[in-house]
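Work through the following exercises with the structure open beside you, and try each task before reading its solution.

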Amino acid sequence: MPSKTIIEPFRIKSVEPIRWTTREQREELLRAAHYNLFLLPADDVLIDLLTDSGTGAMSTRQWAAIMQGDESYAGSRSFDRFRDSIQEIFGYHHVIPTHQGRAAERILFSVACKKGDVIPNNTHFDTTRANIEFIGAEAVDLPIPEARQPSKWHPFKGNMDVAALEELIARVGRERIPLVMITITNNSGGGQPVSMENARAVSAVCHKHRIPLYFDACRFAENAYFVKQREDGYSNKTPKQITQEMFALGDGCTMSAKKDGMANIGGFLCTNDGVLAAQEKDLLILTEGYPTYGGLAGRDLEAIAVGIQESLEEDYLRYRIASTAYLGNHLANEGVPILQPPGGHAIYLDARAFLPHIPPTQFPGVALAGELYLEGGIRSVEIGSLMFGAAATMDLVRLAIPRRVYTQSHVDYVIEVVLAVWQRREQIRGMKLTYQAPFLRHFTAYLEPVTAEVPQLLEA
Ligand SMILES: Cc1ncc(COP(=O)(O)O)c(C=O)c1O
């Protein structure tokens, strides 16, 4: 019987020290990094919540499988295990390994799409959007209206707006839409799940118009657990059964195994379409590698084959989703504005509501992320005005939780640090840019605090 206390369903066999720094050291380190946390040496970070991608801890079974890696160029038995494991869960005929998720996206869109096409998604992840736009096609986000309201609770805030999809198909024509995508969970929308009912409705629309449906499957296991918890009729099904049912609604998927693949690198592309698969493999050979390794080592294929099965274990998922919710709920109970409800892999602080005296032009998300580092050595990431410029509709700070890496005491520590910053929020100043690159500026930008006193708005 699960206890009230959240316990990690694993014990620790190998440890990696993390380093304490003093507040004075962090002030100096942050100044030297030009107030951009991407520019900090990782060794100077105590708790690294920059991303959940490729940062997970592998299990004893994965390490054991790595030793079985067959590094043959062609026909390796590691590929057979990789393919069989993926086919058992996702059910698609063709499995193409890639070095990470974006490589699967590039190959899919290069082969299936052309200039002028339109690709709908609940919300495209940045690399998905960028790969579509690189082809000259248009990436269209169709989330349900609730997804645009940070404080609104909805059990399946990752759902696609099915009526908007029908309307788009009617407007641009089916021949301009080579495929529809659903991202589970919806990362850019806050790690929010998609319901089976919604996936079924989207699938019905796609099949009515004979448009293939693809899943961006990165967090398929977390999504399945939300379905089990929140959707009628699924409480007695296993996460694997739920995943199998959902993917049967589609025609293929892209996957970054750095998330629910529980691996530090890797990805794959699946399809049921044999003609498409042959073209995809040709392109794979050109840029990634032979179709039985796709830019990965045999040992990576082994780690993924085991990892995707482990991510579906119920004890693990119960702890994973409960631990992320624990972080979000503790903060929200103290009044900290977060994107509701807590997602599967991350908590997003609403920096505009946290720091209402800092206008978006002064990067409230960057200011807040800097303060979390100064207060307690925590690294997070801004998703807002620095990342998206004037197009940003929200300024968020994402606390992404690496899989199986931090313990509940680390989570308690993160809560303490966020609450300490919350207590002194009125003293936090905005930031100004001193250097920016012509594109993807958030990775390399330099910033500094604005020198003016706290603006008047605070008193209003
Ligand atoms: C939803 C989603 N799709 C695609 C990707 C791209 O995967 P990768 O970083 O392995 O290229 C990510 C990575 O964060 C993601 O979250």
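The exercises below go from the domains to their interface, then to salt bridges and the ligand.

This is a predicted model, in which local features need pLDDT of at least 70 and side-chain atom pairs count only at pLDDT 80 or more, while totals for chains, interfaces and linings use all residues. Residues are numbered from 1 along each chain as its sequence is written, and side-chain values use heavy atoms, with hydrogens and water left out.

**Exercise 1.** Find the bounds of the domains and the separation of their centres.

*Solution.* Begin with the domain assignment (bounds of this kind come from an automatic or database assignment), which gives domain 1 as 23–52 + 313–459 and domain 2 as 60–310. Finally, look at the contact itself (heavy atoms within 4.5 Å), to which domain 1 gives 22 residues and domain 2 gives 30 residues.

**Exercise 2.** Describe the interface of domain 1 and domain 2 by its buried area, its salt bridges and its polar contacts.

*Solution.* The size of an interface is often given as the accessible area lost when the parts come together. Buried area is the accessible area (1.4 Å probe) that two parts lose on being put together, summed over both; between domain 1 and domain 2 it is about 2200 Å², with 53% given by carbon and sulfur atoms.

Then count salt bridges (a side-chain nitrogen of Lys or Arg within 4 Å of a carboxyl oxygen of Asp or Glu), of which the rule finds seven across this interface. Asp52 and Arg219 also form a salt bridge, with their closest N and O atoms 3.0 Å apart.

For polar contacts (pairs of N or O atoms within 3.5 Å; within protein, one must be able to donate a hydrogen and the other to accept it, and residues adjacent in sequence count only if both atoms are side-chain atoms), the count between the domains is 16 residue pairs, both residues being at pLDDT 80 or more.

**Exercise 3.** Which residues are closest to the ligand, and how many surround it?

*Solution.* Counting a residue as near when one of its heavy atoms lies within 4 Å, we find that 14 residues surround the ligand, the closest being Arg102, Asn187, Asp216, Ser256 and Lys259. A polar side-chain atom of Asn187 lies 2.9 Å from an oxygen atom of the ligand. For Ser256 the corresponding distance to a ligand oxygen atom is 2.7 Å, and for Lys259 it is 2.8 Å.
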